[in-house]
Amino acid sequence: MKIVRGDDRDMPDRDMRDEEITAALRELYATPADDSYWTTLERRIMQAVGVERPREWWSHFPGWVRLGVSAAAAAALVAALASWHTRDSQQRMAADRLIGPASEMPLLTESDRGERNKEREATLRYLITHD
Amino acid sequence: MSEAERAVREREHLLVVAAQSGETEAFASLVRLHQRRAYAVARSIVLTHEDAEDAVQEGFLHAYRALHRFLPDQAFGAWLHRIVANAALDITRRRKVRDADSLTDTLASPFRDPGESDELRRRLTSALDLLGERQRSVIVLHDVQGYKHAEIGRMLGIPEGTARSDLHHARARLRQALGAIRSQL
């Protein structure tokens with residue numbers, strides 16, 4: 001039986017000698033049959049892939065070091081928040097000492113400003129019309 | 001596509017998706033599934049078994065690096081074989097000059113030439129050596145591995161028509177070389 005490989009149906013120059021050549025080529029280029037060979041090759045490929053895999057920076061440290069670093073980072077964050085809160089209160093107290101508590105300050109309301117603007121406008125109008 | 005083929009394709013799809021999400025074991029399964037075919041492709045292009053192994057390793061490594069760009073709906077095998085073929089072509093370019101002694105040594109080892117004593121095969125090896133790299137790759141990929149002209153063209157980066165004519169010329173040259181041997185035997 002003639003074995004047709006690839007898309008050989010449209011190749012008119014194929015003859016019996018080609019079959020012999022193909023058979024010889026197939027032996028010459030046969031892939032290794034031993035399963036252990038493929039296991040070894042797979043291991044070799046995966047070793048190369050393992051080297052290639054990007055390692056995260058924290059993976060270089062042992063587990064307890066990573067836990068310690070996380071705890072220290074959390075503690076530093078809490079300390080920074082507390083420090084910021086304390087400084088803010090101190091600044092407010094210092095400002096109160098200088099200018100007095102906020103309740104004693106006179107408040108300028110929107111309605112007051114509106115009244116003054118009206119007075120100013122009336123004076124201006126009087127000056128423009130009576131020169 | 002048969003039921004079995006569809007199941008294989010589905011399994012491969014799942015493995016690709018898992019490998020893309022960083023599962024190394026899934027990529028190892030893809031290596032297990034494809035390494036034989038990848039080796040065959042590489043061996044068709046390079047001259048020696050060792051170079052074929054290197055090309056397979058490099059090919060898988062390139063594929064691993066480019067895995068995030070691969071669309072899982074594509075055929076993983078075809079994509080991988082193109083990468084392996086490119087790796088093999090790179091190796092061939094890098095090792096263009098080889099001396100005859102090292103070639104003979106390589107072919108003498110068990111995985112490379114099981115029938116070294118056979119005169120026809122020994123002469124075939126010599127005849128293949130006379131072919132251009134591309135013609136040799138084309139005839140092996142077509143006649144041994146069963147790839148079609150278009151697939152070979154894509155793998156080697158040549159037009160389909162060139163693959164076809166390379167095959168024609170390679171066969172003619174081998175026939176001529178082996179015909180001369182017959183007349184001597």
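Mentor: Start with helix α7 (residues 133–144) of chain B and helix α8 (residues 149–156) of chain B, whose axes come within 10 Å and cross at roughly 135°. Because of that angle, α7(B) is oblique to α8(B). Keep in mind that this is a predicted model. The crossing in which α7(B) passes α8(B) is right-handed.

To see where the two helices touch, pick out R134(B), S137(B), V138(B), L141(B) and H142(B) on the α7(B) side; they meet H149(B), I152(B), M155(B) and L156(B) of α8(B). Sorted by class, the residues in this contact of α7(B) with α8(B) are 5 nonpolar, 3 polar and 1 charged.

Now stay with α8(B) and turn to another partner. Helix α4(B) packs with α8(B) at an angle of about 55°, and their axes are 8 Å apart. That angle is why α4(B), too, is described as oblique to α8(B). Here H81(B), R82(B), A85(B), N86(B) and L89(B) of α4(B) meet R154(B), M155(B) and L156(B) of α8(B). This contact of α4(B) with α8(B) comprises 4 nonpolar, 2 polar and 2 charged residues.

Is H68(B) buried or exposed? H68(B) has a relative accessible area of 62%, so it counts as exposed. A polar atom of the H68(B) side chain lies 3.2 Å from the backbone oxygen of R65(B). H68(B) is also 9.8 Å from G22(B), C-alpha to C-alpha, although 46 residues separate the two in sequence.

Next, look at A18(B), in helix α1 (residues 3–20) of chain B. With a relative accessible area of 17%, A18(B) is buried. Setting aside neighbours within four places in sequence, A18(B) is in contact with E23(B) and A26(B).

Finally, let's visit chain A. E42(A) sits in helix α2 (residues 35–52) of chain A. Its relative accessibility is 14%, so E42(A) counts as buried. Which residues does E42(A) contact, leaving aside its neighbours within four places in sequence? They are A28(B), V31(B), R32(B) and Q35(B).

Note on methods: Residues numbered from 1 in each chain as written. Chains lettered and ligands numbered in written order. Predicted model: local features only at pLDDT ≥ 70, side-chain atom pairs only at ≥ 80, totals over all residues. Heavy atoms only, no water. Axes fitted to C-alpha atoms, helices over the stretch in contact; angles between N-to-C directions. Helix = DSSP H or I, 4+ residues; strand = E, 2+ residues; numbered from the N terminus. Parallel < 35°, antiparallel > 145°, perpendicular 65-115°, else oblique. Left-handed = near helix turned anticlockwise from the far one by under 90°. Contact = heavy atoms within 4.5 Å. Nonpolar A, V, L, I, M, F, W, Y, C, P; charged D, E, K, R; others polar. Buried < 20%, exposed > 50% of the residue type's maximum accessible area, 1.4 Å probe, protein only. Polar contact = N/O pair within 3.5 Å; in protein donor to acceptor, adjacent residues only side chain to side chain.
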